[in-house]
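Please look over the sequence and the structure shown here before reading the report that follows.

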Amino acid sequence: MNKKSAQKRFGHLPPKYKFSLNPYPEMRFTSCSHCGAKTGQRKLPLLIHVDPQHLIALNYTCRYCSRCNMLFGHKHEIEYILAEMFKRADPGVVGNRYFIIGTVEKKAWREGMQAPKQLEDALDFISDFKSFEEIRMTMGGWFKEGITPPVMEPPKSTDWVKR
Ligand SMILES: [Zn+2]
């Protein structure tokens, strides 16, 4: 591990996927927003940090473009699942800031379900994302030459909000 690298890395495995978070519930990303190829599905445990100090692995089915090596996750789905989990476990954190950091190796994740590992051990099974972005779409329709289409404001979170 190169601890001096400028980008702070979390997991000990090499970064694996790029990740795109899609905040538009009606967009399903059956094709890749970057290259247009048809996307498949990939179910894997996403590692999510919820402020102030929760770290959870969420087994989630992403859309996946093999050409771009990019996962697409739906923000509203993920927030719904998070809200359902934390409503019981720790309702005070619902609506807090969260970061989707990377993926957890499947085998380790399964074993972790039986006997939760210490975070230090868990790091050996975590790959950070190579990159992370939240998708913004521009409005469709006709615009005058030289005018950049305005960004379509994504709908606000509905489940992951402070009550
Ligand atoms: Zn692609």
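## The sheet

Two strands are said to pair if DSSP finds at least two bridges between them. In this predicted model, seven strands form an open sheet in the order 6-5-2-3-4-1-7, and the pairing is mixed. Strand 6 (126-128) and strand 7 (131-134) stand at the edges with a single partner strand each, so one side of each has no neighbour in the sheet. On average, and with direction ignored, neighbouring strands of this sheet are turned by 40 degrees against each other.

Strands of a sheet pair through backbone hydrogen bonds, either parallel or antiparallel. Strand 1 (residues 18-22) and strand 4 (residues 70-74) pair in the parallel sense over five bridges, and the bridge partner of K18 in strand 4 is M70.

## Helices

Helix 1 (residues 75-89) packs on the sheet, where it touches strand 1, strand 3 (54-65), strand 4 and strand 5 (98-104), and its direction makes about 60 degrees with that of strand 4.

L119 is found in helix 3 (residues 119-122), and it counts as exposed because it has 9 C-beta neighbours inside 10 Å.

## Backbone details in the loops

Most residues other than glycine have a negative phi, and most peptide bonds are trans. F29, in the loop between strand 1 and strand 2, has a positive phi near 50 degrees, and F29 is buried, with 20 other C-beta atoms within 10 Å. N69, in the loop between strand 3 and strand 4, has a positive phi near 55 degrees, but N69 is exposed, with 11 other C-beta atoms within 10 Å.

The peptide bond from D51 to P52 is cis, with omega near -5 degrees, and P52 lies in the loop between strand 2 (40-50) and strand 3.

Methods:
Residues numbered from 1 in each chain as written. Predicted model: local features only at pLDDT ≥ 70, side-chain atom pairs only at ≥ 80, totals over all residues. Helix = DSSP H or I, 4+ residues; strand = E, 2+ residues; numbered from the N terminus. Buried ≥ 20, exposed ≤ 12 C-beta atoms within 10 Å, placed from the backbone. Axes fitted to C-alpha atoms, helices over the stretch in contact; angles between N-to-C directions. Contact = placed C-beta atoms within 7 Å.
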